[in-house]
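Subject: Handing over a structure, with notes

Dear colleague,

Please find below the structure that I promised to pass on to you.

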Amino acid sequence: MLPPNYRAFFSELLQCTQNKNISKGRSLHAQSIKAGSFSCVYLANSLVNLYAKCGCLTDAKLVFETIQDKDIVSWNCIINGYSQQGLMGAPFVMELFQRMRRENALPNAHTFAGIFTAASNVSDAFSGQQAHALAIKTDSFDDVFVGSSLLNMYCKAGLLVEGRKLFDRMPERNSVSWATMISGYAMQRSSREAVELFELLHHEEEKENEYILTSVLSALADPQFIDTGRQIHCLVFKNGLLAFVSIENALITMYTKCGSVDDALQTFELSGDKNSITWSAMITGYAQSGDSLKALKLFSTMHFTGMTPSEFTLVGVLNACADVGAVEQGKQVHDYLLKLGYESQVYVMTALVDMYAKCGSTVDARKGFDYLKHPDMILWTSMIGGYVQNGENEEALSLYARMQIEGIMPNELTMASVMKACSSLAALEQGRQIHARTVKHGFGLEVPIGSALSTMYAKCGSLEDGNFVFRRMPEKDVVSWNAMISGLSQNGRGGEALELFEEMLNEGTKPDPVTFVNVLSACSHMGLVDRGLIYFEMMSSKFGIAPKVEHHACMVDLLSRAGKLNEAKEFIESARIDHGMYLWRILLSACRNHRNYELGAYAGEKLMELGCQESSAYVLLSSIYTALGRLDDVERVRRMMRLRGVYKEPGCSWIELKGGVHVFVVGDQMHPEIKEIREDLRMLYKQMKDEGYRPSFDQIYVISSSSQEVSDEFV
């Protein structure tokens with residue numbers, strides 16, 4: 001019982017707590033010490049509660065430790081204070097709970113509510129289950145608030161089966177219980193179960209509120225649930241709940257995720273009380289639906305209305321910039337988020353790094369990555385993926401090595417990106433090491449790991465290893481099939497590639513445009529003209545795939561390799577797509593190989609008319625005119641090359657040998673073993689000449705800016 005002389009003091013402390021007036025509260029604390037009233041447990045508990053509610057947990061803990069005879073209220077005040085601090089406070093809650101048990105203090109319903117809240121913040125299911133057992137033992141489980149807190153813990157830990165058992169056994173359920181269970185299903189993308197539970201709520205004649213409705217709407221994230229979403233929208237309208245902006249935001253998000261952007265826009269425009277989340281939902285919806293330009297335009301409108309965007313809005317805008325390569329707009333958003341102080345938010349910086357990388361600006365992306373002292377795994381993955389996407393594979397592998405040194409655990413996307421880098425570099429040994437790492441980390445052969453592994457082995461020419469991985473994948477996506485078909489085709493096993501394509505069709509996997517590029521390429525290498533024409537027609541007639549430039553290029557290459565150069569010329573001239581100079585370039589090279597110089601000259605002149613900037617085309621055309629003895633045309637081509645500023649880029653190649661990568665560039669003398677290499681090349685060239693090899697003019701013809709010469713000492 002509170003002594004009468006302390007009641008006025010107690011009332012003032014309560015008022016300070018309600019108003020969160022920490023300065024006056026500290027003053028009252030000092031007065032209580034001076035008056036000697038601090039020994040009263042009721043006042044001490046009130047002080048702990050004051051500091052905890054104001055977020056001053058250090059002060060709350062100090063006061064708590066000075067209480068000689070702690071009662072259950074003392075423990076509850078400090079435990080619930082820490083539990084409200086999220087991730088930072090959860091470890092302290094668990095420590096206090098264990099200490100409470102050691103001191104034989106018996107928890108009550110309020111204690112358990114705080115413990116379960118803390119356990120849910122860190123998804124600590126084990127500690128939560130221990131507290132659950134104690135709650136049953138102390139008859140605290142019947143309290144609806146304790147049950148709802150425990151249910152929240154199970155749902156956040158992803159233990160939906162245990163959570164549903166608990167939900168079904170709760171003697172009393174309130175709206176929080178229903179919303180928590182539905183939200184748990186939504187978080188695990190169990191949309192059907194969430195809808196069924198919502199229907200059960202109606203069957204039991206429970207009244208839905210804004211929390212329940214936003215929970216079930218968040219579960220509807222697939223086009224198959226669009227009708228269900230519309231029915232819930234009608235229910236919201238019928239019950240007069242559209243006044244809640246949280247429900248309007250959930251409706252907009254639901255419509256965009258279900259693919260109905262028009263419904264989302266209509267809901268957005270009819271919303272009378274838009275907040276930053278409303279704008280963010282619509283902007284993100286546009287970006288996720290592929291309408292990135294509309295997303296950027298809407299963000300501009302938002303800015304002019306004076307609405308300050310949240311960090312989530314900016315993430316949506318940055319994603320839109322990334323999708324359309326709008327690097328300048330992305331830089332403006334970057335400046336804006338710096339002004340708003342969001343540069344320390346990891347998910348904002350991840351979106352920023354991703355935007356710069358997808359726009360091809362890896363230098364700016366790396367600056368954003370290096371800005372954060374402790375980047376998380378997602379940011380590491382984004383930066384590594386950015387390097388791979390822009391062809392900077394050595395940088396990707398270097399950053400992955402640093403990631404390993406710093407002890408950051410990668411995810412499946414990280415490993416897939418690293419394996420793609422190994423594929424591009426044809427670094428088989430490094431790829432095998434990465435494969436071993438995936439096994440060590442416990443990753444299976446599901447997509448994307450399985451696809452990346454089979455692709456890496458196929459591109460590195462290790463078809464047996466690639467097939468070993470491919471055959472053991474539990475589910476094969478079209479990327480996996482494409483990788484193996486491509487690997488077989490590029491390694492001279494075109495027949496097996498076509499057999500695998502037929503197997504793919506028999507298993508019901510629908511091919512994509514990349515599949516047909518690989519198949520047509522296999523036909524080209526094997527000289528199967530008729531079969532290639534059948535596959536080319538099959539693209540549009542059976543699978544509705546419109547042939548693109550690369551498919552036409554495969555057909556030109558197929559006809560050209562088979563010596564059907566005139567048919568290839570007719571195919572190019574009848575093509576209904578804008579192929580630029582690509583197809584004529586293939587025909588020009590084929591004419592040189594088949595020594596059809598007249599047609600080669602025709603193809604070369606087509607390229608000149610189109611303003612070709614590829615030096616190889618000028619070299620090929622010059623070699624053809626040289627073979628025809630038309631020296632005036634040779635000089636004309638050389639002059640045109642100079643006037644257009646076309647220069648031959650030096651060739652570059654590399655090889656991986658004994659764990660090292662050796663790079664060779666034409667004219668480069670920097671390799672440490674260049675003398676030995678050149679000596680071996682001279683010996684090889686001499687052996688070739690002794691065995692009767694003689695290079696032809698069109699194979700080694702080189703255009704110089706001042707003269708034309710054939711170099712015998714080409715090594």
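H29 has its place in helix 2, which covers residues 22–35; helices here are DSSP runs of H or I with at least four residues, strands are runs of E with at least two, and both are numbered from the N terminus. With a relative accessibility of 14%, H29 counts as buried, a word that stands for under 20% relative accessible area, whereas exposed stands for over 50% and partly exposed for what lies in between (1.4 Å probe, protein chains only). Between H29 and T284 there are 255 residues in sequence, and their C-alpha atoms are 49 Å apart in space.

Before you read further, please note that this is a predicted model, in which local features need pLDDT of at least 70 and side-chain atom pairs count only at pLDDT 80 or more, while totals for chains, interfaces and linings use all residues. Residues are numbered from 1 along each chain as its sequence is written, and side-chain values use heavy atoms, with hydrogens and water left out.

As for the whole protein, it has 40 helices and four strands. Its radius of gyration is 35 Å, well over the 27 Å that the globule rule gives for 715 residues, so the protein is more spread out than a compact globule; the radius is taken over C-alpha atoms, and the rule is 2.2 Å times the number of residues to the power 0.38. Taken along the principal axes, the box that the C-alpha atoms fill is roughly 120 × 60 × 50 Å. Of the 715 residues, 47% are buried. Among contacts (heavy atoms within 4.5 Å) with a separation of 6 or more, 60% are between residues 24 or more positions apart.

Turning to the aromatic side chains, the structure holds 14 aromatic pairs, where rings of Phe, Tyr and Trp (its six-membered ring) pair if their centres lie within 6.5 Å, and where planes under 30 degrees apart count as stacked, over 60 as edge-to-face and the rest as tilted. One of these pairs is F112 with F116, which is stacked, at 6.0 Å centre to centre and with 20 degrees between the planes. These two residues are four apart in helix 7 (residues 109–121), and therefore about one helical turn separates F112 from F116. F112 is buried at a relative accessible area of 0%, and F116 is buried at 0% as well. Another pair, F167 with W178, is edge-to-face, with 5.0 Å from centre to centre and 80 degrees between the planes. F167 belongs to helix 10 (residues 160–169) and W178 to helix 11 (residues 175–187), 11 residues apart, and both are buried.

Finally, some details of the backbone deserve a careful look. Most residues other than glycine have a negative phi, and most peptide bonds are trans. The peptide bond from V447 to P448, however, is cis, with omega near 10 degrees, and P448 sits in the loop between helix 26 (428–440) and helix 27 (449–459). K20, although not a glycine, has a positive phi of about 50 degrees; K20 lies in the loop between helix 1 (7–19) and helix 2 and is exposed, at 54% relative accessible area.
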